[in-house]
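I opened the notebook to write down what I looked up in this model. The coordinates come first, and my entries follow.

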Amino acid sequence: MLLHLLPAGEFAEVLAQLGCPFRVADLPHLIDYYLARTSHGSTLSALVHAWVLARAHRHQAEHYLDQVLSADTADIQGGTTAEGIHLGAMAGSVDLVRRCFAGIEVHDDALLVEPRWPAELGTLELRQRYQGHSLAVSIRHDQLTISSRPGRQHPIVVRHRGADHLLAPADTLRLTL
């Protein structure tokens, strides 16, 4: 669960402060260890595992993403959907797609965009509001396009792979992934 809540570097820092040094390079082994011991008795389990696996075992993450998205439509818990929707899994799936797979987050007054979008899922198109800008975001496995609608806002900083790009109203930014 800590790997879901914290980036790998912060996870390693917390463990070091507790006297348990951890190398980020050991992350795949740690994930495999717990993956083999998890019962997945909750729809939230698939959500957490999709997040964690997206960082270390991308091909396995897609399987858990599919489970999260199917929680209610396929009633993967075997009858619990009749009792009500799995709202936590639904909300978590939106966050998972936006922050993890689309890689859209806000850091240090910049819109950080680091997509990890699987080619098998085609193109993701979404809208994003940021600092008064109405943005159209299109993500393919090989290209990121962000367009800002016309307006009078100040340009925003879009950060990708450590490089800052200014995006003004009515402009379009195209980046190769």
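Which residue is the bridge partner of arginine 129 in S4? I found serine 134 in that place. Before going on, I note that the model is predicted, that local features need pLDDT of at least 70 and side-chain atom pairs count only at pLDDT 80 or more, while totals for chains, interfaces and linings use all residues. Residues are numbered from 1 along each chain as its sequence is written, and side-chain values use heavy atoms, with hydrogens and water left out.

Entry on helix H2. In H2 (residues 8-17) I listed Ala8, Phe11, Ala12 and Leu15 as the buried residues, where buried means under 20% relative accessible area, exposed over 50%, and partly exposed in between, with a 1.4 Å probe and protein chains only. They lie on the same side of H2 because they cover an arc of only 95 degrees around the axis, the arc being that of the directions from the helix axis to the C-beta atoms. On the other side of H2, I found Glu13 and Gln17 exposed. The buried residues of H2 pack against helix H1 (2-5) and helix H3 (27-35), and I counted contact as heavy atoms within 4.5 Å. Glycine 19, which follows H2, has a positive phi near 85 degrees.

Entry on backbone angles. Most residues other than glycine have a negative phi. I therefore recorded aspartate 108, which is exposed with a relative accessible area of 71% and has a positive phi of about 50 degrees; its place is in the loop between strand S1 (104-107) and strand S2 (110-113). I also recorded alanine 170, with a positive phi of about 70 degrees, in the loop between strand S7 (163-167) and strand S8 (172-176).

Definitions and conventions: Two strands pair if DSSP finds at least two bridges between them. Helices (H or I, at least four residues) and strands (E, at least two) are DSSP runs, numbered from the N terminus.
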